[in-house]
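Please read the report below alongside the sequence and the model. It takes up a pocket, a helix and some aromatic rings in turn.

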Amino acid sequence: MDTIRNRRSIRKYTAQPVPQELVTRLLEAAMSAPSAGNEQPWEFIVIADREVLQAITKVHPHSQMLKEAPLAILVCGNLEREKYPGFWIEDCSAATENILLEAENIGLGGVWLGVYPHDERVKGISELLGLPSSVIPLSLVALGYPAEKKPPAERFDPSRVHTNRW
């Protein structure tokens, strides 16, 4: 629970690069997510190139932190790997959350930037990164060593819990 509660959206990062072994841990966490029919329809693009990160800020209006983030991971759904149509969204969302939780666990900060279902973001990211038409970008996770600290979030609200019926 500590990792879950302590995970916060971090948008400010130090310039320290993220070592490859930590990137691998993030990807292992992502690929440990559940998926419909265990199909694992995800694809990932690890982005550390400054020019590419900068270019993304021109096609995604809420991605300005990429100007300083040392790393981003694009989480995509590959429709050719989809066993149950439409579930790639849930599958890739679970993978995205696992990246964020593992980032917190290993001392990194991250923030989830939604791409899908915003057509202009999907098109811009797809064109910029050369995605095949069967691969849809769902989310972009900005990552790095945090240059800000936020207290744990207290979001539990018992008024939103219903038992057996509404």
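## The largest pocket

The largest pocket is lined by M1, I4, R5, R7, R8, E97, A153, E154, R155 and F156. A pocket here is an open set of points on a 1 Å grid over the protein atoms alone, where a 1.4 Å probe fits, with protein on both sides within 12 Å along at least five of seven lines; lining residues have an atom within 4 Å of a point. The space in this pocket is about 200 Å³, a volume being the space filled by probe spheres set on the points, which are joined across faces, edges and corners.

## Basis of the model

The model is predicted: local features need pLDDT of at least 70 and side-chain atom pairs count only at pLDDT 80 or more, while totals for chains, interfaces and linings use all residues. Residues are numbered from 1 along each chain as its sequence is written, and side-chain values use heavy atoms, with hydrogens and water left out.

## Helix α4

Helix α4 covers residues 88-105, which is 18 residues. Helices (H or I, at least four residues) and strands (E, at least two) are DSSP runs, numbered from the N terminus. From its first C-alpha to its last, α4 reaches 25 Å, close to the expected 26 Å; the expected span is 1.5 Å times one less than the number of residues. G107, with a positive phi near 90°, follows α4.

Among the buried residues of α4 are W88, D91, C92 and I99. Buried means under 20% relative accessible area, exposed over 50% and partly exposed in between (1.4 Å probe, protein chains only). The cover over these buried residues includes α2, β1, β2, β3 and β4, where contact means heavy atoms within 4.5 Å.

## Aromatic pairs

The whole structure holds two aromatic pairs. Rings of Phe, Tyr and Trp (its six-membered ring) pair if their centres lie within 6.5 Å; planes under 30 degrees apart count as stacked, over 60 as edge-to-face and the rest as tilted. W42 and F44 form a tilted pair, because their planes are at 40°, with centres 6.5 Å apart. W42 is buried at 4% relative accessibility, and F44 is buried at 19%.

W88 and Y116 have ring centres 4.9 Å apart and planes at 70°, so this pair is edge-to-face. Because W88 lies in α4 and Y116 in the loop between β3 and α5, the pair ties together parts that are 28 residues apart in sequence. W88 is buried at 5%, whereas Y116 is partly exposed at 33%.
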